[in-house]
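I'd like to go from the overall picture down to single residues.

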Amino acid sequence: MRPAPRAPSAQVYVCTNARAPEDPLRSACGEHGPGVFRALKAEVFRRSGGRVWVTATGCQGHCPRGGCAVALQPSNTHLVDVTEGDVPALTEVLCKGP
Ligand code: FES
(Lines give C-alpha, C1' and ligand atoms only; values in the text may rest on other atoms or scores of the structure.)
Protein backbone atom coordinates (compact mmCIF):
# COMPACT_ATOMS: atom_id res chain seq x y z
CA MET A 1 0.00 0.00 0.00
CA ARG A 2 0.97 3.64 -0.30
CA PRO A 3 -0.47 7.03 0.69
CA ALA A 4 -3.01 8.49 -1.75
CA PRO A 5 -1.64 11.41 -3.77
CA ARG A 6 -4.27 13.78 -2.38
CA ALA A 7 -6.69 13.98 0.53
CA PRO A 8 -9.61 16.26 1.44
CA SER A 9 -9.53 18.78 4.28
CA ALA A 10 -12.81 17.24 5.48
CA GLN A 11 -15.11 14.49 4.26
CA VAL A 12 -18.80 13.82 4.79
CA TYR A 13 -20.31 10.35 4.45
CA VAL A 14 -24.02 10.12 3.59
CA CYS A 15 -25.83 6.80 4.05
CA THR A 16 -27.97 5.98 1.00
CA ASN A 17 -28.73 2.40 1.99
CA ALA A 18 -32.13 1.25 0.71
CA ARG A 19 -34.03 -1.64 2.25
CA ALA A 20 -37.12 -3.56 1.24
CA PRO A 21 -40.43 -2.09 2.47
CA GLU A 22 -41.05 -5.06 4.78
CA ASP A 23 -37.64 -4.73 6.48
CA PRO A 24 -38.11 -3.92 10.20
CA LEU A 25 -35.17 -1.49 10.03
CA ARG A 26 -37.13 0.46 7.39
CA SER A 27 -35.45 2.46 4.64
CA ALA A 28 -35.25 6.07 5.80
CA CYS A 29 -31.67 6.34 4.52
CA GLY A 30 -32.77 4.93 1.17
CA GLU A 31 -35.58 7.51 0.99
CA HIS A 32 -33.63 10.58 2.13
CA GLY A 33 -29.98 9.69 1.56
CA PRO A 34 -29.79 10.07 -2.23
CA GLY A 35 -31.36 13.55 -2.16
CA VAL A 36 -29.16 14.68 0.73
CA PHE A 37 -26.11 13.28 -1.06
CA ARG A 38 -26.84 15.04 -4.37
CA ALA A 39 -27.68 18.39 -2.76
CA LEU A 40 -24.73 18.27 -0.38
CA LYS A 41 -22.27 17.21 -3.08
CA ALA A 42 -23.30 20.07 -5.37
CA GLU A 43 -23.33 22.74 -2.66
CA VAL A 44 -20.19 21.61 -0.85
CA PHE A 45 -18.22 21.35 -4.09
CA ARG A 46 -19.35 24.84 -5.09
CA ARG A 47 -18.43 26.31 -1.71
CA SER A 48 -15.22 24.40 -0.99
CA GLY A 49 -13.76 24.21 -4.49
CA GLY A 50 -13.17 20.49 -4.01
CA ARG A 51 -11.43 20.75 -0.61
CA VAL A 52 -14.28 18.84 1.07
CA TRP A 53 -15.38 15.50 -0.31
CA VAL A 54 -18.91 14.09 -0.11
CA THR A 55 -19.24 10.31 -0.28
CA ALA A 56 -22.29 8.03 -0.40
CA THR A 57 -22.08 4.95 1.82
CA GLY A 58 -23.96 1.86 2.85
CA CYS A 59 -25.30 1.36 6.37
CA GLN A 60 -23.37 3.24 9.08
CA GLY A 61 -25.08 1.32 11.89
CA HIS A 62 -27.49 4.06 13.02
CA CYS A 63 -30.53 3.26 10.83
CA PRO A 64 -32.66 6.32 11.71
CA ARG A 65 -36.45 6.23 11.42
CA GLY A 66 -36.67 9.53 9.56
CA GLY A 67 -34.02 11.16 7.37
CA CYS A 68 -30.64 9.56 6.79
CA ALA A 69 -27.40 9.07 8.70
CA VAL A 70 -24.44 11.38 8.01
CA ALA A 71 -20.90 11.23 9.42
CA LEU A 72 -18.50 14.18 9.33
CA GLN A 73 -14.74 13.72 9.43
CA PRO A 74 -12.33 14.63 10.90
CA SER A 75 -14.62 15.75 13.75
CA ASN A 76 -16.15 12.23 14.00
CA THR A 77 -19.63 13.77 14.30
CA HIS A 78 -22.44 11.33 13.55
CA LEU A 79 -25.88 12.71 12.72
CA VAL A 80 -29.24 10.99 12.20
CA ASP A 81 -32.60 12.11 10.80
CA VAL A 82 -30.83 14.32 8.25
CA THR A 83 -33.02 15.66 5.43
CA GLU A 84 -32.42 17.93 2.45
CA GLY A 85 -33.55 20.83 4.64
CA ASP A 86 -30.37 20.34 6.69
CA VAL A 87 -28.04 20.75 3.70
CA PRO A 88 -27.47 24.53 4.09
CA ALA A 89 -26.48 24.14 7.76
CA LEU A 90 -24.25 21.15 7.02
CA THR A 91 -22.58 23.02 4.17
CA GLU A 92 -21.90 25.92 6.50
CA VAL A 93 -20.20 23.64 9.03
CA LEU A 94 -18.18 21.79 6.39
CA CYS A 95 -17.01 24.82 4.43
CA LYS A 96 -16.16 27.23 7.22
CA GLY A 97 -12.63 28.51 7.03
CA PRO A 98 -9.73 27.43 9.22
S1 FES B 1 -29.31 2.21 6.80
FE2 FES B 1 -28.35 4.15 7.04
S3 FES B 1 -27.31 3.96 8.92
FE4 FES B 1 -28.20 2.01 8.64
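Here are my entries, in the order I looked things up.

**Ground rules**

I'm working with a predicted model, in which local features need pLDDT of at least 70 and side-chain atom pairs count only at pLDDT 80 or more, while totals for chains, interfaces and linings use all residues. Residue numbers start from 1 along each chain as its sequence is written.

**Confidence**

I checked the pLDDT, which is the predictor's confidence in each residue, from 0 to 100. The protein averages 95, and 98% of the residues score at least 70. The lowest confidence is in H2, with a mean of 94, and the highest is in S4, at 98.

**Overall layout**

How many helices and strands does the protein have? I get two helices and four strands, counting DSSP runs numbered from the N terminus (helices are H or I with at least four residues, strands are E with at least two). Along the sequence the pattern reads β-α-β-β-β-α. The radius of gyration is 14 Å, close to the 13 Å from the globule rule for 98 residues, so the protein is as compact as a globular protein of that length. For the record, that radius is taken over C-alpha atoms, and the rule is 2.2 Å times the number of residues to the power 0.38. Along the principal axes, the C-alpha atoms fill a box of roughly 45 × 35 × 20 Å.

Next I looked at contacts, meaning residue pairs whose C-beta atoms, placed from the backbone, lie within 7 Å. Among contacts with a separation of 6 or more, 63% come from residues 24 or more positions apart.

For burial, I count other C-beta atoms within 10 Å of a residue's own, again placed from the backbone: 20 or more is buried, 12 or fewer is exposed, and in between is partly exposed. By that count, 24% of the 98 residues are buried.

**Helix H1**

H1 covers residues 28-48. Its 21 residues should span 30 Å at 1.5 Å a residue, and the end C-alpha atoms are 28 Å apart, which agrees. The expected span is 1.5 Å times one less than the number of residues. Buried residues in H1 include Ala28, His32, Val36, Leu40 and Val44. I remind myself that an α-helix has 3.6 residues a turn, so residues three or four places apart point the same way. What do the buried residues of H1 pack against? I find strands S1 (10-15), S2 (52-57), S3 (68-73) and S4 (77-82), plus helix H2 (87-95).

**The core**

A nonpolar core here is a set of buried Ala, Val, Leu, Ile, Met, Phe, Trp, Tyr and Cys residues joined through C-beta atoms within 7 Å. The largest one has 19 residues, and Val12, Val14, Val36, Leu40, Val54, Cys68 and Val70 touch the most other members. S1, H1, S2, S3 and H2 each supply at least two residues of this core. H1 gives the most, with seven residues. I followed Val36 and, leaving out residues up to four places away in sequence, its contacts are Val14, Cys68, Val70, Val82, Thr83, Glu84 and Val87.

I also looked up Leu90, which lies in helix H2. Leu90 is buried, with 21 other C-beta atoms within 10 Å. Leu90 and Glu43 are 47 residues apart in sequence but 9.9 Å apart in space, C-alpha to C-alpha.

**Strand pairing**

Strands pair if DSSP finds at least two bridges between them. S1 and S3 run antiparallel over four bridges, and S3 and S4 are antiparallel with four bridges as well. Ala71 is the S3 bridge partner of Tyr13, and in S4 the partner of Ala71 is His78. Cys68 stands opposite Val82 in S4.

S3 and S4 form a hairpin with three residues between them. Pro74 sits in that loop, and a cis peptide bond joins Gln73 to Pro74, with omega about 20 degrees. Asn76 is in the loop too, with a positive phi near 55 degrees although it isn't glycine. Is Asn76 buried or exposed? Asn76 counts as exposed, with 7 C-beta neighbours inside 10 Å.

Arg26, in the loop between S1 and H1, also has a positive phi, near 60 degrees. Arg26 is partly exposed, with 16 other C-beta atoms within 10 Å.

Terms used. Contact = placed C-beta atoms within 7 Å.
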